[in-house]
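Me: Could you walk me through this structure? I'm new to this, so please go slowly.
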Amino acid sequence: MNVCYVWDDKLIDFCDQLPAVMGRAKVVHCLIQAYGLHNKVKVVRSTPATYEELKEFHSELYLDHLKTFIDVDDDYMTSVQDEEYGIGYDCAPVSNMFGLVSHIAGSSVTASKCLVMGLADVAINWCGGWHHANRFGAEGFCYVNDVVIAIEKLRKKFSKVLYIDLDVHHGNGVQDAYNISKSVFTLSFHKYEPGFYPGTGGLNDIGTLSGTGYSCNMPLHAGYTDDTMEYAFEKVFNLVYSHFAPDAIVIQCGADALAHDPNGGAALTARSYCKCVRMVLDKRKPSMLLGGGGYQHSNAARLWTCITAMVAGVELDEQIPEHIYWPEYGPTYTIAIDPTLIKDANKSCYIEDCINTIKGNLEKYLGKSSHAEPVVKRLKSKIENAKETLRLDSKKIHKDKNKFRNTSVGIHNMVKHAQDQTNHRSKIVDKSDVYDFVE
Ligand SMILES: [Zn+2]
């Protein structure tokens, strides 16, 4: 499996300024690096999104307003106009706001390019996944909806895209963007309780007009565990997959459904996230993995490192390797995320009722599942066709040095370089190890 990992030092710096997750991006990247996972994937440099790319989703009025935030100090008082664009309440103003959104959106667009150009079967971008932002403004810690912009890029090649949201909060910004669309199916698993943000994503929230039936929500009560999640995901994902038959899949792996998250209230560990992602990747469709929420930084880093390792086929050592953020992983200093003792409020009859409703909606609005047809043969040839396209494109692109090049010696030398080192701290992504897109 070809795996691309989107990275850039400037991108990390920008992400680290996001007020809700200040400093998280570096913690995540450094753990991935400490385990040497950058040696097992193709590190692709993120390029910022252009104004035109941002306009694929956001209004010019909002984008132009973001440009007015250049130097923002602690005394900055938000104006009425700022608040109209969602800047102020849960999205505090930050310096160089336009630069921030273009870097974040660009990182997910870079992941899309990897899939569209056939360079990757799986593209990973832990700096993306800001699923609450709307067309006209910021919302719920999200200043830009990189997910929608990335999906728009994917649609240049893949006609049907399935978006799956594992964040503890409903993926409202993405669902709203595709509420009337039949081409993008949105599926969200989240905590749904009175007063819990954003308050949308109920079982009967299924899209509108021509998109009726093309949104699906699995609203869960507090304390959902790995067992509950794995069971519900397996049933619901397979139903959606067989009815919708996507050409590409985007998974938002928001880490705030992990046990102990200060903004969460669920009780997952990395086990269920990895199993869910595995079920998706087993379908062998071009797939993008994005980050999102996750407010206990060390646990978000643990989770995304575990997923990266699983995708790259690497088994992780239980002990966190020594590196600059090692002290953050105390008191256990292990990769495992402790479950909590909070009670799972989801009874199995509730989960079954939800699954039955979802099944009924899919049958009603999307017609018969493809399982009802002589699918084995048809699906197989579909997969082969898709692979062939990727392979051909990939060959073409590697030959065309004007489009994509490796700035230096490539991954093999890089692995050798890493093996030559005995000190963990020298195992870092070096400029010479990164693939660049060249326009
Ligand atoms: Zn969230």
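Predicted model: local features only at pLDDT ≥ 70, side-chain atom pairs only at ≥ 80, totals over all residues.

Me: OK, so is strand β6 largely enclosed or open, and why?
Reply: Strand β6, which spans residues 215-220, has six of its six residues buried, so it is largely enclosed by the rest of the structure.

Me: Which residues are on each side of β6?
Reply: Ser215, Asn217 and Pro219 lie on one side, while Cys216, Met218 and Leu220 lie on the other, and both faces are covered. As a general point, side chains in a regular strand alternate between the two faces of the sheet.

Me: And how many bridges join β5 to β6?
Reply: Six bridges join β6 to strand β5 (residues 184-191), and the two strands run parallel; within this pairing, His190 has Pro219 of β6 as its bridge partner.

Me: Switching to helices, at what angle do α9 and α12 pack?
Reply: Helix α9 (residues 226-244) and helix α12 (residues 348-366) pack at about 5°, with their axes 10 Å apart, which makes α9 roughly parallel to α12.

Me: Which residues meet there, and what kinds are they?
Reply: Among those in α9 are Tyr231, Val236 and Leu239, and the α12 residues that they and their neighbours in the contact meet include Ile351, Ile355 and Leu362. The residues of this contact divide into eleven nonpolar, two polar and two charged.

Me: Last one: how many helices and strands does the protein have?
Reply: The protein has 14 helices and ten strands, and buried residues make up 49% of its 439 residues.

Methods. Residues numbered from 1 in each chain as written. Buried ≥ 20, exposed ≤ 12 C-beta atoms within 10 Å, placed from the backbone. Helix = DSSP H or I, 4+ residues; strand = E, 2+ residues; numbered from the N terminus. Pairing = 2+ DSSP bridges. Axes fitted to C-alpha atoms, helices over the stretch in contact; angles between N-to-C directions. Parallel < 35°, antiparallel > 145°, perpendicular 65-115°, else oblique. Contact = placed C-beta atoms within 7 Å. Nonpolar A, V, L, I, M, F, W, Y, C, P; charged D, E, K, R; others polar.
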